Amino acid sequence: MGMSEFYGQADEAEAVATIQRAIDLGVTFLDTADMYGVGRNEELVGRAIRDRRDAVVLATKFGNVRGEDGTFKGVCGRPDYVRSACEASLRRLGVETIDLYYQHRVDPDTPIEDTVGAMAGLVREGKVRHLGLSEAAPATVRRAHAVHPIAALQTEYSLWSRDPEGEILDTVRELGIGFVPYSPLGRGFLTGAIRRVEDLAPDDYRRHSPRFQGENFQRNLDLVAAVEAMSREKGCTPSQLALAWVLAQGEDIVPIPGTKRRGYLEENVGALDVTLTRGELERLDRAAPKGATAGERYAAPQMQALNR
């Protein structure tokens, strides 16, 4: 996402180099969406993997509708839209098949059975291999899975976003559905690199995120301080420690840390070399318990689109 929009100035040449470096390092799972940069991110990913398509599991998403000028027009899961969105993504990505196709947000005006039924049709036609949902409520996941097997649920999850613990994770594990945490570094906050909101570019959307505002920001720095303290003891970076915590939550959990630069990519991959003991995991649990983070994950209108 950040390679094309939302996280300040983009550098497409560096972005392509970062994707290709990820493949060189053994990263096999790439995640994009048709709304990122209003389609530009899919085009970017398509260019980056043009000669290496078979080396990656390619995931993209539909459902957040935007105009050509970038305006947000709502969420759509109508069957006719599912088909047209998939065809457009295939063209932009330059591929014949999408490995994992997610509904980005659940449409409250379209029964999930209708949306997933249309997605299942894409599987039968060979345009899509597996189906996923993003930020869907447990009951919705169950209804969707009854129509066609759901391979993955993508939801925000990190040391500062632990909401999935409990019913959401219990549901996907019961049904044999993989779990894909997005923003496993807390939108960059857990890296320790953001000390003031002014550290973010003027056009960075995080400047308007509740967790980056006023007293919330200062309270959340306390959580970062605990991560930084343990990372120094472990001889790793805060990013690597935060990712190691997510990875330690289960083999069915596959986080997708985003970055725009090769240096940060290489740092993130280094999290695979960080092993946390039971005592260290318990210490992190005490430092960042569920519900401890100050502020909502999104502004109020966006929060309404979650957990449907």
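Leu30 stands opposite Leu58, a residue of strand 2. Strand 1 and strand 2 (residues 57-62) run parallel and are joined by three bridges. Strands are DSSP runs of E with at least two residues, helices are runs of H or I with at least four residues, and both are numbered from the N terminus. Two strands pair if DSSP finds at least two bridges between them.

The model is predicted; local features need pLDDT of at least 70, side-chain atom pairs count only at pLDDT 80 or more, and totals for chains, interfaces and linings use all residues. Residues are numbered from 1 along each chain as its sequence is written, and side-chain values use heavy atoms, with hydrogens and water left out.

The open sheet is formed by six strands in the order 1-2-5-6-7-8, with parallel pairing. Strand 1 (29-31) and strand 8 are at the edges with a single partner strand each, so one side of each has no neighbour in the sheet. On average, neighbouring strands of this sheet are turned by 25° against each other, direction ignored (axes are lines fitted to C-alpha atoms, for helices over the stretch in contact, and angles run from 0 to 180 degrees between N-to-C directions).

Most residues other than glycine have a negative phi. Ser183, not a glycine, has a positive phi, and so does Arg187. Ser183 lies in the loop between strand 8 (178-182) and helix 7 (214-234); Arg187 is in the loop between strand 8 and helix 7.

| Residue | Phi | Relative accessibility |
|---|---|---|
| Ser183 | about 50° | 14%, buried |
| Arg187 | near 55° | 5%, buried |

Buried means under 20% relative accessible area, exposed over 50%, and partly exposed in between (1.4 Å probe, protein chains only).
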